[in-house]
Amino acid sequence: MKEQVLKAMKEAGKPVSAGDVTKALGADRKEVDKAFAELKKEGAIVSPVRCKWEPAK
């Protein structure tokens with residue numbers, strides 16, 4: 001799921017919310033939230049704007 005979330009973020013080309021990723025993937029929100037939490041811990045995603053996330057450079 002984490003790889004799918006990162007791919008969806010890269011394809012969006014702009015900071016996105018968890019809701020945006022959920023819609024893009026057609027996935028369960030709980031699974032997306034869990035992937036977001038793991039990616040945040042790993043430092044794989046960053047938040048340039050409040051409530052929006054993008055892959056870390």
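Reply: Helices α2 and α3 are oblique to each other (oblique is whatever is left once angles under 35 degrees count as roughly parallel, over 145 as roughly antiparallel and 65 to 115 as roughly perpendicular). Helices here are DSSP runs of H or I with at least four residues, strands are runs of E with at least two, and both are numbered from the N terminus. This is a predicted model, where local features need pLDDT of at least 70, side-chain atom pairs count only at pLDDT 80 or more, and totals for chains, interfaces and linings use all residues. Residues are numbered from 1 along each chain as its sequence is written, and side-chain values use heavy atoms, leaving out hydrogens and water.

Me: What's the angle between α2 and α3, and how far apart are the axes?

Reply: The angle is about 125° and the axes are 9 Å apart. Axes are lines fitted to C-alpha atoms, for helices over the stretch in contact, and angles run from 0 to 180 degrees between N-to-C directions.

Me: Which residues meet there, α2 against α3?

Reply: From α2 you have Ala18, Gly19, Val21 and Thr22, and they meet Arg29, Val32, Asp33 and Phe36 of α3. By class that contact has 4 nonpolar, 2 polar and 2 charged residues. Contact means heavy atoms within 4.5 Å.

Me: Ok, and which residues of α2 are buried?

Reply: Ala18, Gly19, Val21 and Thr22 are buried in α2, which spans residues 18-25. Buried is under 20% relative accessible area, exposed is over 50%, and partly exposed is in between, with a 1.4 Å probe and protein chains only.

Me: Why do they line one face of the helix?

Reply: Seen down the axis of α2, the buried residues fall within an arc of 160°, so they line one face. The arc is taken from the directions from the helix axis to the C-beta atoms.

Me: What's on the face turned away from the buried side?

Reply: Lys23 and Ala24, both exposed.

Me: Switching topic: where does cysteine 51 sit?

Reply: Cysteine 51 is in the loop between β1 (45-49) and β2 (52-55). Its phi is positive, about 70°, although it is not a glycine.

Me: Is cysteine 51 buried or exposed?

Reply: Cysteine 51 counts as exposed, because its relative accessibility is 54%.

Me: And isoleucine 45, what does it contact?

Reply: Isoleucine 45 is in strand β1 and counts as buried at 4% relative accessibility. Beyond its neighbours within four places in sequence, its contacts include Leu6, Met9, Phe36 and Trp53.

How values were computed:
Ala, Val, Leu, Ile, Met, Phe, Trp, Tyr, Cys and Pro count as nonpolar, Asp, Glu, Lys and Arg as charged, and the others, Gly among them, as polar.
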